[in-house]
Every structure is written in C-alpha cells, then in structure tokens.
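Try each task before reading its solution.

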Amino acid sequence: MKFLNIALFISIFLTQLSAEETYKRILITKTLSENSLKEIKSKLNTLNIKMYLKRSHRNNNYYYYVYSKKYKNNRYLQRDLKKIKTIFKNAYMLGNKKSLAMGDENSTDKDNEIALSPYFMSATLGFASIGGSSDNASFNQLNSSGLSYGLEGGYILYDNIFISLGINSSSSDVRLNNIYLSSYYQYNPTKNIGLYGGMLVGYSILELNNYKYTEPSTSSSVGLQLGFKYSFDKNLSLFTSYQGLLMDHVIEINDDDSEIKFNFMHNLQFGILYRF
C-alpha cells in the first residue's frame, strides 16, 4: 500500500512538472482590418503587454489574430489575462492544441510579428498634359504633353484615411514641377483591391524650355486624385491614378509683349507603393 502511495505521488508530481513545461498563450482579439492593429497595439502598450499576430484565411477573408507571448508559468498568465480583460472582454487562454492552430510553436515570437508602421512611400511614372491659352501664335506649336514622374511619402491616420506629401515633374516644352499635400479615403471592396479618392493642395513652378528669355511662373494649385490599387501583400502594392490640378500660371514672352496662360494639368500615372 505504501508503495502504491509513493507511485501515485510520483505520477502526480510528474504530471504537474509536465504541465509547467507546457507553453500557453492568451488569445486577445481578432480583426478583419489590418489598419485597426495600430489601435489595438496602442491599447496593449498601456497594459505593458506585447502583441503577436497570426494571419489566417477563412471564408474568403483574412483575419488577424492578436495574442500574447508564450507563458510557462500559469500564475503570470492569469495575472496578464486579468489585465487584458479590462479592455478586451472576450480574451481567453489558449490550450496547447489551439496554440498550435494559431501558429507554429517551434517558431520564435519574432517570426509571428507583423510590421504595424503606418508610413508608406511610392514612386510613379506617367503621362501629363498641361493646358492653357494665348494670343501668341507660337503657343499652338508648343508640345505641352509628355512623361511625368514623382515620389510620395505618406501616413495612415486611421483605417482608410491617408495623408501624404508628394512631388512630381512633367517633361516637355512646358516643364512643370509640383509639390503638394494630399488627403484621401480608400474603399476596399476586397482584401487586395482598393479604390481611393481625395484632394490635392500645392505649389508649382512652370517654365518654357524653348523660350530662353522668359521667366518661370509660380502658382498655388488645387485639385483631385482618383485611383485604383492592387495589394500583393501587406507591404507591396501597384496602383494607377489620375490627378487633375487647377493653377494660374502666366508666362510673359519678352520679345513681343505677349502672354501664355496655363491653367490646368491632367496627369495619368502608374506606380508602386511600399508600406514599412
């Protein structure tokens, strides 16, 4: 009988020891919106809880699962779970099988992290047309259409609201350099496709390449931008967009006292966007 008691004690001890070696996680929440992860991370920072992510494709949608680090000690897990539940009411502890479903337990925590930076950069190449009017007969001989190219850097304010700072230039007989601020809203009919539109406000410099004795013109500008974006993954996208800008440029032709006025630009561009 004494031998059986000792054997039972050893069995219980080994079971407890094995349980202590089991790593568990807390499933904090899940979301369909990648942009909402920034807000979730901010809330967890107030609790001093580091977040880890796993993306899963279900029912034609990508879900982002937010969970905690791996816990070896159940006491610490329960302590953090209690803190997390003050904000995320439906958080709960994952068992070993569920943990495996969330991600590879043999991978490191760093492997499961997804970059949450709201910053992005883009580069474009396109075709621009600059329109205007003049009483000078040589105006009709100007080639005011040509290649355009640009760079843009931006910040995602909240969900699908973006702001950016950009520059672009057009190359033809009429050279136009623009710097502008933009704000636009993006609608996502699917996970990979985005449709967006917004406003542009900026400043531009225009000069004529074929007239050596004319002075460049400067003007404020305002316009709109409409675009279509296709995302290959969370970081890399291709897009095409249209920009229409209104401006008020006047170039004086010194040799005959005439003027050429330029008042709008159409710009169709194709580009690549990278989110950090």
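## Exercise 1: a residue in β12

Met265 is found in strand β12, which spans residues 258-275; strands are DSSP runs of E with at least two residues, numbered from the N terminus. This is a predicted model, where local features need pLDDT of at least 70, side-chain atom pairs count only at pLDDT 80 or more, and totals for chains, interfaces and linings use all residues. Residues are numbered from 1 along each chain as its sequence is written, and side-chain values use heavy atoms, leaving out hydrogens and water.

**Task.** Find out whether Met265 is buried or exposed, and which residues Met265 is in contact with.

**Solution.** Start with accessibility: Met265 has 2% relative accessibility and counts as buried (under 20% relative accessible area; exposed is over 50%, partly exposed in between, with a 1.4 Å probe and protein chains only). Next, leave aside neighbours within four places in sequence: the contacts (heavy atoms within 4.5 Å) include Ala128, Ile130, Leu176 and Met247.

## Exercise 2: a residue in β9

**Task.** Locate Ser204 and find which side chain Ser204 joins in a polar contact.

**Solution.** Ser204 lies in strand β9 and is buried, at a relative accessible area of 0%. Its side chain makes a polar contact of 2.7 Å with the side chain of His249 (N or O atoms within 3.5 Å; within protein, one able to donate a hydrogen and the other to accept it, and sequence-adjacent residues count only if both atoms are side-chain atoms). Beyond four places in sequence, Ser204 also touches Leu176 and Met247, among others.

Note on methods:
Helices (H or I, at least four residues) and strands (E, at least two) are DSSP runs, numbered from the N terminus.
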